[in-house]
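Please read the points below beside the structure, taking them in the order in which they come.

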Amino acid sequence: MDYLPNIIFLLVLVAGIGFFAKNVKALSRNIKLGKDVDVSDNKPQRWKNMARIALGQTKMVVRPVAGILHIIVYVGFIIINIEVLEIILDGLLGTHRIFAPLGVVYDVLIGSFEILAFLVIVSVVIFWVRRNVIKIQRFLKPEMKGWPKKDGNLILYIEFVLMTLFLTMNAADFQLQTIDALHYVKAGSFPVSQFIAPLFSGMSEASLIVVERSAWWLHIIGILLFLNYLYYSKHLHILLAFPNTYYGKVKPKGQLDNLEAVTAEVKMMMDPDADPFAAPAEGADEAAEPDKFGASDVTDLNWVQLLNSYTCTECGRCTSECPANQTGKLLSPRKIMMDTRDRLQEVGNNIDKNKGEFVADGKQLLGDYITEEELWACTSCNACTEACPVSIDPLSIIMDMRRYLVMEQSAAPSDLNNMMGNIENNGAPWPFNQMDRLNWKNES
Amino acid sequence: MSNELKVPTMAELFAEGKQPEVLFWVGCAGSFDDRAKKITKAFVKILNKANVSFAVLGTEESCTGDPAKRAGNEFLFQMQAVTNIEVMNAYEVKKVVTACPHCFNTIKNEYPGLGGNYDVVHHTQFLKDLLAEGRITMEGGQYKGKRITFHDPCYLGRANGVYEAPRDLIRKLDAELVEMKNCKKKGLCCGAGGAQMFKEPENGNKDVNVERTEQALGTKPEIIAAGCPFCNTMMTDGVKSKEKEGEVEVLDIAELIANAEDL
């Protein structure tokens, strides 16, 4: 029976990590529903971007208050994970504080975990106040109603509870060390939990052990549950920010891709030797449907755009910088990302339900999620892509959907049709004759 | 002097067997829009004064395709691009200067993939180089000590990372450069980009250019400097809507320099 806790721990750990692996597989499958895109270029620049933007949090501090609080939670998250390693080893081996022989190093480690845990609690409380009391504009936009708001708060509650459990565990441990309880070696320093310990001062050794063990178990179970909550929430950015900044745009922000399918056709139209009645080249797959121009659903987007959508943590910096949104238009770049993710999730669930085949559900990203009015309000100014702390590109999705509207549906606003007609006929967006292009030279 | 603009075309120079140092890409706004034509002429006056060997394409120039591309019409964009590239490659163009950040962005970033490789600069970069090489001189003249705020064109600033060239030129005028609350990387759009120039805005509670103009007026400027013909139009309209056209002028950097030198 002595090994019962070890066995239970092993089962819990395997279940937690197993479910997480299943989530990662689903996530990866969904992202791969996107079209292929070549991102093998500029490797040194990509690594640099990841190091600077994701690891170094450079874009976060553009807004100093949220930025610094975020860095505390981020550093806390990474550093305190060293403690999780000890907890896992203790759990599997039935030891207690297996790293204790590190001596002074251990004291410093535990001490800094405690201080970080305390700072995380403070930050999380401030974050909650910002979302729920101060009512910062970007957290109140229409797309944040309902689940997204709950999701945001839930994450803060979980982090608060996890940190509190960690400090409670240490406080009880500290108290047990003070009364020389068996197994509770004197190890670690407790700069924060020593102030919680007096709450337990009158308690018996047995009760203290109950408190310490409960906090220990709840802490590790909580961490495993949180790990599995990620997939169902906006919080995936803690993992995906790294690949996302790596695969993010490395070209100048102003550069849109040139559609290759169009290039082939244009080149043929411009080639005086091309035979318009030529039979398709030998070996060409006649059954293959020609590629759709632009995007009307998530599967028309490329996989980096889909990765973008899962990486978005709905902070709303893009939307708060968007000139269209600032002037009351319907467009919100954050909503573009949330819609893309929600539709992708729907398509993924559909495939799961239908044994690996997508069964048409009469819905698509365009119209059912993102309206034309939103798409046409964009000024392509790149304020959103500049504001994003993790290199998400809502503009590329907007442009791909405009391409579908114009090239597949001829559904541009009539003013734009006039503009394009002018370019086609006389080489300028206005109805002026190309032959008059140099008239300015002689006008006074 | 204003009637004696020397504006050779590539075709004329080609006939004489000459190759200019740089092609001045005038753009549609610079060719046809009454306000923007003044910017074109101001820039040409500076080029003439500095004896820069340049030429324009004239009637052989056509829209770069930027508004078509941003509206989603990739076909039309590539037709325009391929046609323009054929013309420029035929003249063996190496360097291009333009006063329009949209043309600048398109030719610099989107033409190479279609066979058009040129060294493309915005006119503020070109002017800064002329100054550095001592080919033009600048003194504040009438702008000495004036409060000037610079509106960053999205397609020059965020899109291509050019923030300092226009600002350096304003400082050279001995003017007092004042920054808006949103400037450089955080510059607010004028509202014209992404083909918005050619359509009515979607429903909202304000026009983007009015919002931006309010930010500009917040710096209490005497002049709002621009570096894009479309921004210029949007800011001019914004100033009018605030009934401040008597107090605040909207001028392109090229105009500031030409005026300061009494060209």
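1. In chain B, B:Leu23 stands opposite B:Ala55, which belongs to strand 2 of chain B. Strand 1 of chain B (residues 22–25) and strand 2 of chain B pair in the parallel sense over two bridges, where pairing requires that DSSP finds at least two bridges between two strands. Strands (E, at least two residues) and helices (H or I, at least four residues) are DSSP runs, numbered from the N terminus.

2. This pairing should be read with the source in mind: the model is predicted, local features need pLDDT of at least 70, side-chain atom pairs count only at pLDDT 80 or more, and totals for chains, interfaces and linings use all residues. Residues are numbered from 1 along each chain as its sequence is written, while chains are lettered from A and ligands numbered from 1 in the order in which they are written.

3. An open sheet of four strands in chain B has the order 2-1-3-4, with parallel pairing. Its edge strands are strand 2 (54–55) and strand 4 (119–122) of chain B, each of which pairs on one side only.

4. Chain B is divided into domain 1 (10–130) and domain 2 (137–260), with bounds that come from an automatic or database domain assignment. The C-alpha centres of domain 1 and domain 2 of chain B lie 22 Å apart, and 26 residues of domain 1 are in contact with 26 residues of domain 2, contact meaning that the C-beta atoms of two residues, placed from the backbone, lie within 7 Å. On the side of domain 1 of chain B that touches domain 2 of chain B, the largest share, eight residues, comes from helix 3 of chain B.

5. Is B:Asp252 buried or exposed? B:Asp252, found in strand 8 of chain B (residues 249–252), counts as buried because it has 26 C-beta neighbours inside 10 Å; the cut-off for buried is 20 or more other C-beta atoms within 10 Å, with 12 or fewer for exposed and partly exposed in between, the C-beta atoms being placed from the backbone. Leaving aside neighbours within four places in sequence, B:Asp252 is in contact with B:Ile39, B:Ala42, B:Ala99, B:Ala226, B:Gly227 and B:Asn232. The C-alpha atoms of B:Asp252 and B:Ile39 are separated by 6.5 Å, although the two are 213 residues apart along the chain.

6. The contact between the chains takes 59 residues from chain B and 55 residues from chain A. On the side of chain B that touches chain A, helix 5 of chain B gives the largest share, seven residues.
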